[in-house]
Amino acid sequence: MKLLQDILVIDFSQFLSGPSASLCLADFGAEVIKIEKPGTGDICRELYVSDVMIDGESSIFHAINRNKKSYTADLKSADDVSRIIALIKKADVVMHNFRPGVMERLGFDYESVKEINPSVIYASITGYGDEGEWRKLPGQDLLLQSISGLAWLNNSSSANPTPMGVSVVDMLAGAHLAQGILSLLYQKTIIGEGGSIEVSMLESALDFQFEVLTCYYNDGGQLPQRSAVNSGHAYVAAPYGIYKTKDDYIALAMADIIQLGTLTGCSELAIYTDKNEWFDKRDEIKSALARHLLNNTTSYWLDILEPAGIWCSRVFDYEQLTKEEGYQVLNMEVVVKTSNGISIKTTRSPITIDGQHLSGNIGAPGLGEHNNEIDLKFDIGVKPEIIDAK
């Protein structure tokens with residue numbers, strides 16, 4: 001599907017947050033041109049968080065840059081800058097995720113780009129916004145999870161603050177930026193005007209926690225109290241959490257404690273007849289339930305609880321998950337192929353429109369792979385030296 005066919009995106013961003021936004025646009029059919037530094041390119045090509053390399057580059061880079069083109073340019077070179085300016089003149093969207101001040105020094109801040117292309121949509125991601133003492137801090141996912149309170153909110157009260165196992169703040173900021181870009185693309189279609197979109201990773205992380213922050217704001221500033229036992233949510237009563245069974249784990253969401261005690265045969269739960277106690281005494285309740293669930297297997301408990309309408313599930317790792325029919329029917333896996341002929345299995349876009357998945361088969365570009373093509377297509381002159389990753 002080419003919902004954004006003929007939309008041109010010039011993407012200066014690196015790592016994860018910005019590229020995740022342009023990935024969304026590429027999946028929708030936009031032409032996304034990554035502007036990369038000659039020789040090294042997007043630092044994500046060698047991102048050290050992944051020990052899985054594909055064709056000499058990080059698997060993360062391949063996952064987040066499919067369906068894009070790579071154009072190398074030295075932004076300290078007058079000739080290369082002139083070519084970038086020529087591309088910007090034709091662009092619908094210009095985006096980056098540098099710290100405040102970087103694009104100003106390069107001469108590609110919003111006001112400068114708007115002079116080049118008055119109807120441009122200019123989109124940027126920063127770590128902490130462009131004001132205040134935090135503005136120059138590194139916008140790295142673990143640091144944002146820690147500063148925003150997200151890591152503190154996770155795990156039980158006696159455990160160390162625990163970050164999520166994925167770069168969630170990067171992806172949230174990217175999703176928010178993509179939403180803003182799409183809204184301004186609509187505006188541009190209606191009235192012919194673009195605009196500037198700014199997203200900070202910190203704001204995205206705070207918005208992600210709107211549920212618990214709203215409780216905190218309206219509870220006299222009382223900090224949420226994580227459960228000491230199997231904590232799953234600071235503001236949800238027992239039995240909410242993940243419990244060990246005889247052979248594995250089981251997740252229990254909201255449930256009537258009396259009904260749960262009857263179904264499982266946990267007699268210790270029979271005394272908690274007051275629903276208000278299910279929060280105030282949640283650690284007592286959870287402790288009793290945790291001891292009891294150890295007596296049998298996950299399958300045993302699910303066979304009892306699921307037919308009774310109790311919200312519960314297994315706890316899968318990836319190996320277990322991918323064997324399940326519920327996973328397989330989604331067809332979330334897609335194989336893309338690079339110009340070097342390397343096939344890479346990754347996930348597709350989660351969006352389905354009119355029954356069709358947003359899915360392409362073009363792998364991430366080699367560094368500078370599309371310089372010739374872009375120079376010719378947009379008539380911006382052929383560079384004397386072209387970096388070709390082939």
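1. Leaving aside its neighbours within four places in sequence, which residues is Ser231 in contact with? They are Asn155, Ser156, Arg226 and Lys286. Contact here means heavy atoms within 4.5 Å. Ser231 sits in the loop between α10 (210-217) and β9. Helices (H or I, at least four residues) and strands (E, at least two) are DSSP runs, numbered from the N terminus. Ser231 counts as buried because its relative accessible area is 19%; buried means under 20%, exposed over 50%, and partly exposed in between (1.4 Å probe, protein chains only).

2. A word on the basis. This is a predicted model, in which local features need pLDDT of at least 70, side-chain atom pairs count only at pLDDT 80 or more, and totals for chains, interfaces and linings use all residues. Residues are numbered from 1 along each chain as its sequence is written, and side-chain values use heavy atoms, with hydrogens and water left out.

3. Now Ser196. This residue belongs to strand β8 (residues 195-200). Ser196 is partly exposed, because its relative accessibility is 33%. Beyond its neighbours within four places in sequence, Ser196 touches Tyr110, Tyr122 and Leu184. Ala123 is 73 residues away from Ser196 in sequence, yet the two are 5.8 Å apart in space, C-alpha to C-alpha.

4. Next, a sheet. Three strands make an open sheet, ordered β9-β10-β11, with antiparallel pairing. Two strands pair if DSSP finds at least two bridges between them. β9 (241-244) and β11 (312-314) are the edge strands; each has a single partner, so one side of each lacks a neighbour in the sheet. From one strand to the next, the twist averages 25 degrees.

5. Within that sheet, β10 (residues 249-252) pairs with β11 over three bridges, in the antiparallel sense. Ala251 stands opposite Ser313 in β11. Helix α13 (residues 282-293) packs on the sheet and touches β9 and β10. The direction of α13 makes about 40 degrees with that of β9. Axes are lines fitted to C-alpha atoms, for helices over the stretch in contact, and angles run from 0 to 180 degrees between N-to-C directions.

6. Last, the second largest pocket. A pocket is an open set of points on a 1 Å grid over the protein atoms alone, where a 1.4 Å probe fits, with protein on both sides within 12 Å along at least five of seven lines; lining residues have an atom within 4 Å of a point. The lining has 28 residues, with Lys2, Gly29, Ala30, Asn67 and Ile362 nearest the centre. α1 (17-27), β2 (31-36) and β5 (68-72) each supply at least two lining residues.
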